[in-house]
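Please open the model in a viewer and keep the selection panel at hand. The stops below proceed from annotated spans to helix pairs and an aromatic pair.

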Amino acid sequence: MSGGVQGSPVVRLFIRWVRRPLLPVMRLWRRNIQLRVVATTLLMSLGVVLLLGFVVIGQVRNGLLDAKVKASQSQATGGFAVARQSADETAAATHGGTGGNGTDGGQSQNVIQWMSDLVESLSSGGSGAFDVVTLPVGDDSGGGRSPRGSGYVSPAESVPASLRDRVNSSSSTAAAQSYTRIVYSNRKDSQPALVIGKQVNDPNGHPYELYYLFPLTQEEKSLSLVKGTLATAGLFVVVLLGAIAWLVVRQVVTPVRMAAGIAERLSAGRLQERMKVTGEDDIARLGEAFNKMAQNLQLKIQQLEDLSRMQRRFVSDVSHELRTPLTTVRMAADVIHEAREDFDPMTSRSAELLADQLDRFESLLADLLEISRFDAGAAALEAEPIDLREVVRRVVGGAAPLAERKGSRIRVVGDLQPVVAEADARRVERVLRNLVVNAVEHGDGKDVVVKLASAGGAVAVAVRDYGVGLKPGEATRVFSRFWRADPARARTTGGTGLGLSIALEDARLHGGWLQAWGEPGGGSQFRLTLPRTADEPLRGSPIPLEPKDSRRNRGLDDGGTPRGGAEKLATVPVQQNGGNASALPPRQGAAPVADPTALPGNGNGNRVVPRPANGGRRPDDRSGTQVPDPRPEPAGQDSTEAGEAFRGR
């Protein structure tokens, strides 16, 4: 068949139709080691039994035929001698009685009678063990040498022509033999036989062919009996070996399956599970080692849980215990702050610093209490349909004074269409406030772009700044608790170092992703992706994590110069019309779909942010999936150089 025919839809459909019922069998074959071992043992045993059967049957057949040939040759040799002696005696008697003057008709009549008597006398000694056939040499049937046979044997059809040629050859004086099938004239079934023939002379000295036919019926029955016995014994041996293999493999596989089941239950948190150990063999030692490992693992996990519980309890208790004295200190500080105009300048400045630090202290306590609730699994999600544009507007309005002091401008992109999702408005607003405030604080007075988009079953909000960005080593720690990009950098807005950690936990609680990207000197982008509905798993994000204006997408190297000598300027693109440009595909026609480059694990270091088991619904398990980046990797640039961050593994 040609390649076009093989690749036709009909052939592919037929192959798929044939493979479909085989898929469960193939799956069972891959998953069940006991089935594979037993099936392999049965196939190998069957091959060995067949090989031995062929060898034994061949030896028995050869032995039976050799014995039959020897006995037949002895019988035929004696018969040929008797025929020669009878011809000589008849010839002597005939010539002596007639004086050599007998007529040709009388001699022919005597030969006919002699030939008939010879066939009858030779065959009578076999008692059905053989038959005798006489045939004329060539086509000469005169002189009484017409074909004759005993026991209703058809002479011409029972003797092969090739054997007659060898018997009649001028150089052949010995007897010749061959295998044939005896054909009977009385419609009796033919049967295999050994035929031995030789050319002898009649009383008149004319040659004729004398054949002995020895039936092989008894040998055939004996060989059939041997075949049946070997087949029965071979089948019994194969079944017995399969049963033995099943029992032996079961003794090994059963503890392994038990260990696998217990390991699965251990991974599910049932740390008290243990294997049942019997005996003192290798499997028993394996079970004891497994139980010891499980016990040590349970102790270690228990110790870690106790330590973690103590730490969470300590943080929670300290946070609660500090609220009462903090309230008292706050009241006293407020009184002092209100009366600061009556103090001298140094005391007045001290009162202002005291009020500012108390504000930061209260924020730190609130964050610690929130973190303790996440750690204890007590955080609850109050989801309801909300329009993220309203949340973004509130966040931007709250961050406007800080942006004005920093000389930055916050622009919103993609807010022309509703962006609705089932989410907790308070938690989403807290996440976006952290992202926007951080972008303004680290933006070095440049614009901050907040982008909204929705596609498929996901909505996303990305916050882009053009400040100092993220270094490769900082990217993996950006969501760590109390981590700061620059320890020497002042927190002018009173940050506690827990904002991004809490934002990450809020994203996990929604079953969403909070991911970061950045490059040194090129700014950063944080992206929050949420499912439209609370029970819908995320499969992608409508906004790519790496923005289009990154140095790599613009063909620039780390220094901002064009690659390959191209004259390009590393400038920050300016959105027109007050930020009404949208990063999403046009809304006319088909609805936009999630960008494949925005999938977690797209080659940029992104990962799905997993959800803790006690924190509500977990997103789909895609944290380890790698999706190849459709853009070619620039030569000599490490994939982590862009400084993208991924957390929550």
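Begin with residues 33-58 and 230-249, which UniProt, in an unreviewed entry, lists under "transmembrane region"; UniProt positions follow the numbering used here, feature names are shortened, and annotations may be inferred rather than shown by experiment. The model is predicted: local features need pLDDT of at least 70 and side-chain atom pairs count only at pLDDT 80 or more, while totals for chains, interfaces and linings use all residues. Residues are numbered from 1 along each chain as its sequence is written, and side-chain values use heavy atoms, with hydrogens and water left out.

Select residues 33-58: the span is 100% helix and 0% strand, and its end C-alpha atoms lie 37 Å apart. Residues 230-249 are likewise 100% helix and 0% strand, with end C-alpha atoms 28 Å apart. Helices (H or I, at least four residues) and strands (E, at least two) are DSSP runs, numbered from the N terminus.

Next, display helix α7 (residues 217-267) with helix α8 (residues 282-338). Their axes are 11 Å apart and the packing angle is about 5°, which means that α7 is roughly parallel to α8. Axes are lines fitted to C-alpha atoms, for helices over the stretch in contact, and angles run from 0 to 180 degrees between N-to-C directions; under 35 degrees counts as roughly parallel, over 145 as roughly antiparallel, 65 to 115 as roughly perpendicular and the rest as oblique. Pro-255, Ala-259, Ile-262, Ala-263 and Leu-266 of α7 meet Ile-283, Phe-290 and Ala-294 of α8, where contact means heavy atoms within 4.5 Å.

Move to helix α10 (residues 388-406) and helix α11 (residues 425-441), whose axes come within 9 Å and cross at roughly 30°. α10 is therefore roughly parallel to α11. The crossing of α10 and α11 is right-handed; the term applies if the near helix is turned clockwise from the far one by less than a right angle, and left-handed if anticlockwise.

α11 passes α13 in a left-handed crossing. Among the contact residues are Arg-427, Arg-430 and Val-431 of α11 and Asp-506 and Leu-509 of α13.

Finally, turn to the aromatic rings. How many aromatic pairs does a search of the whole structure find? The search finds seven, pairing rings of Phe, Tyr and Trp (its six-membered ring) if their centres lie within 6.5 Å; planes under 30 degrees apart count as stacked, over 60 as edge-to-face and the rest as tilted. Select Phe-130 and Tyr-212: the ring centres are 5.3 Å apart and the planes at 50°, so the pair is tilted. Phe-130 is in the loop between α4 (104-124) and β1 (131-136), whereas Tyr-212 is in strand β5 (residues 207-215), 82 residues apart.
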